[in-house]
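Subject: Handover of a structure and its findings

Dear colleague,

Please find below the structure that I am handing over to you. My findings follow directly after it, arranged by topic.

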Amino acid sequence: MDEVGQALTDELGSVLGSPVATNNTCAAIDEHTPACTTQTTAPDRSYYWTAPSTGMFTFTTTGATFDTVLLLLDASTHASLGCNDDASSTTFQSSVTVNLTAGTRVKIVVDGYSTRCGDFALNISAPTFAGCAAVKAAIPSAPDGEYVINPTGARPISAYCDMRLGVELCTEDVGVRRGRTREGSNLDYVMMSLLARTSGLCSVWALRGASDNRPIDALVAAGNPSMGTCQALGFVSDGTITLCDFGSERGTCGYNVSSGYYRYGNGCMGCSLNDGYYTSYKLQGPMRISTVISSMDGSTRSVCRTR
């Protein structure tokens, strides 16, 4: 039966829309018994679908001509992710909303109440939130990742969210972003960032302490080998850290150094302030010869991975 069911299950890719598929269940087999109703021996049709991003997705049978039941299964484990008979007291059509991680493959089952069958429309939509804080409020357990947000109401954009804070670390629009480091210092930082949605990479520059605008340097392995710079900033995996010459014998990298060449780092040899290696960021300096991971003007950028 699994082989038969597999053969009768259509692939939808990651498409969103109303509808993404239309069909009729009357000629299908009765493969599933949804747990949200015991009153069904009706034939059902199934589809495989993959979440294009992390976030909430709503599946409905709005437009069906019969009393439907909608079941959502994890395609790998067959565990139920959601089930609904009637979307409301005034409709016999069904609706299921679930939170999915990008790349999760699900099996969508369109079934009927009792023995009922007929024409149906399958619709899939992704609710758009104003920002990462709104996503966190709606889904407290939401992981770090890319979400669709609409902060201005003008157009939706993709954003990489730090869900510990509920803030955007990177979006498709260049902007100033704030966060706090995760390696232990809890340093409040500010930076410029730009998300390349197709590659899942975020370029960061002008990365500095929020209180004093001192530049931030890369984590050195001797201080904290278990966490790279990108992870410390709130991204999910390490990326390409570039270096900008910084220090009184090199240059300013565009940072204001009127009171001296100081930086946030976790390893320094010969510094008069916080010399040595640490497991978290410390303000170190003054610097005679050093580097930081980006320039203020963006001519030197570092890249972090978002997925």
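**Domains and basis of the model**

The domain assignment divides the protein chain into domain 1 (10–125), domain 2 (127–218) and domain 3 (221–306); these bounds come from an automatic or database domain assignment. The C-alpha centres of domain 1 and domain 3 are 51 Å apart.

The model is predicted, so that local features need pLDDT of at least 70 and side-chain atom pairs count only at pLDDT 80 or more, while totals for chains, interfaces and linings use all residues. Residues are numbered from 1 along each chain as its sequence is written, and side-chain values use heavy atoms, with hydrogens and water left out.

Helices (H or I, at least four residues) and strands (E, at least two) are DSSP runs, numbered from the N terminus. Two strands are said to pair if DSSP finds at least two bridges between them.

Strand β3 (residues 45–50) pairs with strand β1 (residues 10–11) in the parallel sense, over 2 bridges. In this pairing E11 stands opposite Y48 of β3. β3 also pairs with strand β8 (residues 105–112), here in the antiparallel sense and over 6 bridges. T50 stands opposite R105 of β8.

R45 is located in strand β3. Leaving aside residues up to four places away in sequence, R45 touches N23, N24, T25, A27, A28, I108, V109, V110 and F120, where contact means heavy atoms within 4.5 Å. With its side chain, R45 makes a polar contact with the side chain of N23 (3.4 Å). The R45 side chain also reaches the backbone oxygen of N24, at 2.5 Å. A polar contact is a pair of N or O atoms within 3.5 Å; within protein, one must be able to donate a hydrogen and the other to accept it, and residues adjacent in sequence count only if both atoms are side-chain atoms. The C-alpha atoms of R45 and A137, which are 92 residues apart along the chain, are separated by 35 Å.

**The sheet β10-β11-β12**

Three strands form an open sheet in the order β10-β11-β12, with antiparallel pairing. β10 (145–149) and β12 (167–171) are at the edges and have a single partner strand each, so one side of each is left without a neighbour in the sheet. On average, neighbouring strands of this sheet are turned by 45° against each other, direction ignored; the axes are lines fitted to C-alpha atoms, for helices over the stretch in contact, and angles run from 0 to 180 degrees between N-to-C directions. Between β10 and strand β11 (residues 157–162) there are 5 bridges in the antiparallel sense. Y160 in β11 is the bridge partner of E146.

**Disulfides**

A disulfide is taken as a pair of cysteine sulfur atoms within 2.5 Å, and by this rule the count comes to 7 disulfides. Three of them are described here, with buried meaning under 20% relative accessible area, exposed over 50%, and partly exposed in between (1.4 Å probe, protein chains only).

C132 and C161 form a disulfide with their sulfur atoms 2.0 Å apart. The torsion about its S-S bond is about -75°, so this disulfide is left-handed. It links distant parts of the chain, with C132 in helix α2 (residues 132–138) and C161 in strand β11, 29 residues apart. C132 counts as buried at 0% relative accessibility, and C161 is buried with a relative accessible area of 0%.

C170 and C202 also form a disulfide, their sulfur atoms being 2.0 Å apart. Here the S-S torsion is about 100°, so the disulfide is right-handed. C170 lies in strand β12 and C202 in strand β15 (residues 201–209), so the pair ties together parts that are 32 residues apart in sequence. Both C170 and C202 are buried.

In the disulfide of C268 and C271, the sulfur atoms are 1.7 Å apart. Its S-S torsion is about 60°, so it is right-handed. C268 and C271 are buried.

**Strand β21 and its partners**

Strand β21 (residues 302–305) has a covered face, S302 and C304, and an uncovered face, V303 and R305. β15 and β21 pair in the antiparallel sense over 4 bridges, and C304 in β21 is the bridge partner of C202. Strand β16 (residues 237–240) pairs with β21 as well, in the antiparallel sense over 2 bridges. S237 stands opposite R305 of β21.

With kind regards
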